[in-house]
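These are my notebook entries on a structure that I looked up. Each entry records one thing that I searched for.

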Amino acid sequence: MKIDIIGDIHGCYDEFVRLTKKLKYTWESGIPIHPQGRKLAFIGDLTDRGPNSLQVVEIVYTLVCEKKNAIYVPGNHCNKLYRYFLGNKVQITHGLETTVAEWQALDSSKQNQIKQKFIELYEQAPLYQLVDDGNLILAHAGIKESLIGKYNSKVKTFVLYGDITGETDESGRPVRRDWASHYTGKAWIVYGHTPVKEVRKINRTYNIDTGAVFGNKLSSLRYPEMEIVDVESSMPYIEDRFRPFE
């Protein structure tokens with residue numbers, strides 16, 4: 001299986017299009033199709049903060065739910081939008097406000113169409129995906145080796161939010177343990193969630209969230225070649241959004 005795994009898009013639709021074209025996908029049919037049959041994979045956080053979240057949702061819905069030729073696992077922002085669309089009480093903050101504003105600007109029939117598409121996309125997605133006979137695992141914030149094969153609430157919290165301690169740092173963001181530095185498994189784990197300036201490879205893990213929505217770049221990992229392909233972001237650069245690692 002040959003797939004191209006794309007990091008957190010966060011509504012950066014233009015960067016998404018440029019990246020897929022750089023990966024040699026064509027858009028003649030209105031969606032990205034690779035002439036050699038490669039597939040796209042999305043590791044969550046399709047929406048929020050960026051300018052075109054709903055366009056990203058529609059393309060990913062078409063690829064995953066209609067064409068059945070792409071892979072998607074949800075991120076924490078996906079989870080929050082899902083709960084919003086269900087009518088649950090959620091805080092419209094931390095980027096959700098941009099997606100909600102886009103959605104509220106639509107007429108009611110289009111609103112309902114988008115809502116139903118996203119709910120279907122989210123509900124059909126597993127918490128994480130085992131690909132290529134388990135040699136590759138896709139999880140939004142990663143997954144510890146001891147949790148692989150499990151699907152309980154503890155796993156859900158981990159794959160959506162990372163290895164959180166329950167504490168917050170001086171900026172109010174959750175403190176997360178660096179689970180990847182302790183990973184010793186044989187499967188490759190590809191994830192995002194925590195923005196880094198360059199794709200971070202440690203042990204058999206890749207963090208491919210390079211902060212497109214914070215002005216850095218949108219990155220992808222070609223599998224099984226393990227080649228990084230990226231494009232520069234057009235968004236304003238925000239230095240303090242990137243996590244430094246030792």
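Buried means under 20% relative accessible area, exposed over 50%, and partly exposed in between, with a 1.4 Å probe and protein chains only. I note that the model is predicted, that local features need pLDDT of at least 70 and side-chain atom pairs pLDDT 80 or more, and that totals for chains, interfaces and linings use all residues. Residues are numbered from 1 along each chain as its sequence is written, and side-chain values use heavy atoms, without hydrogens and water.

I then looked up the neighbours of S8. Strands pair if DSSP finds at least two bridges between them. S8 pairs with strand S5 (residues 136-138) in the parallel sense over three bridges, and Val190 in S8 is the bridge partner of Leu138. S8 is also joined to strand S10 (residues 205-207) by three bridges, and these two run parallel. Here Ile189 stands opposite Thr205 in S10.

Next I searched for aromatic pairs and recorded 17 in the whole structure. Rings of Phe, Tyr and Trp (its six-membered ring) pair if their centres lie within 6.5 Å; planes under 30 degrees apart count as stacked, over 60 as edge-to-face and the rest as tilted. Why is the pair of Phe16 and Trp27 edge-to-face? The ring centres of Phe16 and Trp27 are 5.9 Å apart and their planes stand at 80°, so the pair is edge-to-face. Phe16 is in helix H1 (residues 13-22) and Trp27 in the loop between H1 and strand S2 (39-42), 11 residues apart; a helix is a DSSP run of H or I with at least four residues. Phe16 counts as buried because its relative accessibility is 0%, and Trp27 counts as buried at 16%.

Phe16 also pairs with Phe42: the centres are 5.8 Å apart and the planes at 65°, so this pair is edge-to-face. Phe42 lies in strand S2, 26 residues from Phe16 in helix H1, and both are buried. Elsewhere, ring pairs link Tyr82, Tyr84, Phe85, Trp103, Phe118 and Tyr122 into a cluster.

I turned to a buried threonine. Thr47 is placed in the loop between S2 and helix H2 (53-66), and its relative accessible area is 0%, so Thr47 is buried. Leaving out residues up to four places away in sequence, Thr47 touches His10, Gly11, Ser53, Val57, His77, Leu81 and Thr99, contact meaning heavy atoms within 4.5 Å.

Finally I looked up backbone features. The peptide bond from Tyr223 to Pro224 is cis, with omega near 15°, and Pro224 lies in the loop between strand S11 (217-223) and strand S12 (227-232). Asp133 has a positive phi of about 55° although it is not a glycine. Asp133 sits in the loop between strand S4 (129-131) and S5, and Asp133 is exposed because its relative accessible area is 81%. Asn203, also not a glycine, has a positive phi of about 50°. Is Asn203 buried or partly exposed? Asn203 is partly exposed, with a relative accessible area of 34%, and its place is in the loop between strand S9 (200-202) and S10.
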